[in-house]
2 protein chains.
Amino acid sequence: MRTRPLKVALLGCGVVGSEVARIMTTHADDLTARIGAPVELAGVAVRRPSKVRAGIDPALITTDATALLKRGDIDVVIEVIGGIEPARTLITTAFENGASVVSANKALLAQDGAALHAAAEQHGLDLYYEAAVAGAIPLVRPMRESLAGDKINRVMGIVNGTTNFILDKMDSTGAGYQEALDEATALGYAEADPTADVEGYDAAAKAAILAGIAFHTRVRLDDVYREGMTEVSASDFASAKRMGCTIKLLAILERAADGESVTARVHPAMIPLTHPLASVREAYNAVFVEAEAAGRLMFYGPGAGGSPTASAVLGDLVAVCRNKLAEATGPGESAYTQLPVSAMGEVVTRYHISLDVADKPGVLAQVATTFAEHGVSIDTVRQQGKDGEASLVVVTHRAPDAALSGTVDALRKLDTVRGVASIMRVEGE
Amino acid sequence: MRTRPLKVALLGCGVVGSEVARIMTTHADDLTARIGAPVELAGVAVRRPSKVRAGIDPALITTDATALLKRGDIDVVIEVIGGIEPARTLITTAFENGASVVSANKALLAQDGAALHAAAEQHGLDLYYEAAVAGAIPLVRPMRESLAGDKINRVMGIVNGTTNFILDKMDSTGAGYQEALDEATALGYAEADPTADVEGYDAAAKAAILAGIAFHTRVRLDDVYREGMTEVSASDFASAKRMGCTIKLLAILERAADGESVTARVHPAMIPLTHPLASVREAYNAVFVEAEAAGRLMFYGPGAGGSPTASAVLGDLVAVCRNKLAEATGPGESAYTQLPVSAMGEVVTRYHISLDVADKPGVLAQVATTFAEHGVSIDTVRQQGKDGEASLVVVTHRAPDAALSGTVDALRKLDTVRGVASIMRVEGE
């Protein structure tokens with residue numbers, strides 16, 4: 001066994017970074033045995049050097065990340081800063097200085113994954129990022145390596161713990177969105193500004209990364225259709241229950257039936273209670289992967305948090321260090337299929353539409369005609385009247401999203417339709 | 001990209017082998033892109049050369065596996081023969097002739113994994129075996145690589161599809177064991193001789209392999225405590241239901257609380273209906289992994305079948321071929337902790353015991369005293385009398401298996417105990 005240690009620079013020392021540093025210290029012997037050489041924390045770049053960091057030698061702390069990377073003796077860089085800059089520049093600097101990179105940065109990878117992969121390859125180095133998607137759940141590696149001999153046709157998952165916590169609360173207690181969000185914030189599941197989670201930006205970044213791996217094609221954040229879950233109401237949950245469903249914020253990646261294009265989207269959807277994703281509670285994540293030969297696989301676990309994310313980072317660290325010792329690299333970006341990403345309008349799924357309508361004869365006929373004119377076939381209709389007003393709940397068969405949008409635009413123009421209360425896709429059947 | 005193909009020898013061409021050959025042909029371009037070089041099926045060793053094998057060039061078929069391996073140009077050997085011999089000798093011959101090996105052979109790996117790993121390492125070659133455990137479910141690689149920076153404390157899973165199908169039928173229809181087995185046989189889920197499945201040998205082999213990976217220690221098949229599920233009755237399921245439980249055949253691997261030893265066992269057990277493993281239906285497999293930092297992860301999917309197993313084999317093939325091209329090897333055996341495997345008596349869990357007793361005063365006191373004398377604390381007792389006979393159902397708190405065995409031996413000697421109808425462990429709480 002080699003005795004000269006591999007030197008690791010840690011960029012960022014927040015919830016995840018401090019846990020990575022802690023485990024590197026407490027489990028140093030295990031890591032040495034698994035890598036085949038000791039690993040040494042050679043420096044920790046932080047923004048606030050004065051903060052007390054238990055268990056980390058103060059001499060390792062620096063505010064000059066660039067100088068740390070340019071020392072010339074760093075073998076591996078762990079980037080847990082998050083966000084686009086300075087993370088992007090620092091990762092590039094790491095590659096230029098001969099260090100492989102382990103990153104947990106979903107936003108950056110979704111936006112600039114291709115360029116970062118190219119930089120890694122140019123320098124013969126690794127870029128690993130298991131922690132960027134679904135926290136501790138091994139997902140990137142199984143999809144990239146275990147299923148490398150298979151063909152993935154569909155990925156559907158709950159990849160954001162905050163929104164799953166909120167939706168689970170709404171489902172189990174009947175609470176409205178704001179009340180459930182307040183509870184999530186109080187318990188630390190939601191950030192003070194929850195926009196990235198509740199508007200689906202976080203899930204969309206993960207969807208872009210997973211789509212790239214699943215389909216061996218380049219999918220950027222902008223290619224992912226995104227709808228948040230702030231409009232989901234207690235009455236939507238009541239409707240879902242009547243259908244034997246619950247509501248989840250899902251990331252859905254699909255290969256088109258002809259295999260010539262893919263779609264990537266994030267939005268709230270009704271799924272049957274019998275679907276395994278329906279029973280994913282609290283802040284847990286779970287991802288279904290459907291592959292041609294393997295069939296239906298599911299991966300489940302904690303999707304966030306310091307320790308789980310650190311577990312994923314350290315798994316990557318072991319692999320990257322082993323590659324360094326073997327003077328090899330792991331699988332890089334695989335984008336050989338170059339499939340186009342279709343717009344949301346081409347997605348084919350089912351819909352649950354609630355309409356507020358005038359309570360008079362002929363309304364249903366008018367509404368049904370509008371659906372038919374746009375080629376959207378109706379599965380069931382439920383009509384409920386009260387005081388001259390009525391609500392009409394329509395569930396459709398599978399239809400292209402563009403056809404449904406056209407239907408809804410036309411419905412809004414009908415005199416008898418007072419308003420479209422909600423539109424939700426129905427998945428998982 | 002390299003244009004000279006990597007040459008693959010396929011040993012065995014049954015349900016899995018023929019599917020591997022088919023996918024290698026139909027998805028040749030994808031495999032080439034993912035590996036970085038073409039792969040060519042250079043020979044297929046079979047027992048019955050006269051059998052028609054659609055899609056395989058008859059010129060590739062041979063009955064002389066040894067000669068195929070000794071040709072000198074084989075890069076990778078895929079072994080899907082199963083069983084100990086001739087698989088063991090052939091794998092050894094493959095290593096001696098410079099070929100890496102992908103195997104789906106759980107029996108051989110559980111019995112001789114250490115020697116095979118040593119042979120691979122001696123020749124600087126790979127031994128991969130994702131398909132040996134839980135079919136298509138990526139499990140070996142996530143445990144060996146994704147969790148390489150974490151500490152796995154517990155693995156609990158359904159790793160045999162046949163027995164899960166039988167138990168699921170018993171649970172959902174109220175059928176007895178024999179009736180459910182007959183249905184499984186008729187549907188092709190059980191083999192004509194179901195011993196390896198129903199007596200837990202198959203699950204025990206997988207348990208040995210998983211324990212080795214989870215605990216970085218060598219666990220042989222003989223180290224795994226094994227109890228089959230042929231004694232599980234419809235009345236056990238009725239008892240389980242009264243407790244809000246179902247019954248599953250589980251493989252359970254645990255690190256002792258002091259971290260100084262491990263246990264490995266396969267037996268039927270009651271688990272609460274709320275436990276995620278309780279909802280694993282039909283022939284599906286699922287494995288829970290509890291790691292120190294990652295928390296609780298679950299992996300779910302089809303545990304057997306030609307296509308799913310082929311998917312796992314081909315994922316390994318891609319990795320092994322990539323390693324060959326990079327002149328590197330993947331992670332080998334990791335057995336550095338060398339923890340002792342404790343006997344079943346040291347396992348600590350809960351128990352559900354059904355006794356047939358005389359229906360007279362003082363019986364419960366006598367039974368309770370016997371439990372107390374052996375240090376086994378009772379959680380609940382349910383007593384039910386009929387015609388001078390009565391049944392007593394005792395559920396205990398956690399106690400060592402040896403203490404429970406001692407209790408049961410003593411109970412059998414009581415005059416008032418007519419018989420011990422069933423003993424079942426209670427897990428997953």
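In this predicted model, 58% of the 429 residues of chain A count as buried. Chain A holds 14 helices and 17 strands. Six of the strands form an open sheet with parallel pairing.

**Overall dimensions and packing**
- The radius of gyration of chain A is 24 Å, which agrees with the value near 22 Å that a compact globule of 429 residues would have.
- Along the principal axes, the C-alpha atoms of chain A fill a box of roughly 85 × 45 × 35 Å.

**The six-stranded sheet**
- The strand order in this open sheet of chain A is β3-β2-β1-β4-β5-β6.
- Its edges are β3 (61-62) and β6 (127-128) of chain A, and each of these pairs on one side only.
- Strands of a sheet pair through backbone hydrogen bonds, either parallel or antiparallel.
- Strand β1 (residues 6-11) of chain A runs parallel to strand β4 (residues 76-79) of chain A, and four bridges link the pair.
- Leu10(A) has Ile78(A) of β4(A) standing opposite.

**Surface and charge**
- About 16500 Å² of chain A is accessible surface, and carbon and sulfur atoms account for 49% of this area.
- Chain A carries 40 positive and 53 negative charges.
- The mean positions of the positive and the negative charges of chain A are 2 Å apart.

Definitions and conventions. Residues numbered from 1 in each chain as written. Chains lettered and ligands numbered in written order. Predicted model: local features only at pLDDT ≥ 70, side-chain atom pairs only at ≥ 80, totals over all residues. Heavy atoms only, no water. Pairing = 2+ DSSP bridges. Helix = DSSP H or I, 4+ residues; strand = E, 2+ residues; numbered from the N terminus. Rg over C-alpha atoms; globule rule 2.2 N^0.38 Å. Buried < 20%, exposed > 50% of the residue type's maximum accessible area, 1.4 Å probe, protein only. Areas by Shrake-Rupley, 256 points an atom, 1.4 Å probe, with all protein chains shown as cover. Lys, Arg positive; Asp, Glu negative; His and termini not counted. Charge placed at Lys NZ, Arg CZ, Asp CG, Glu CD.
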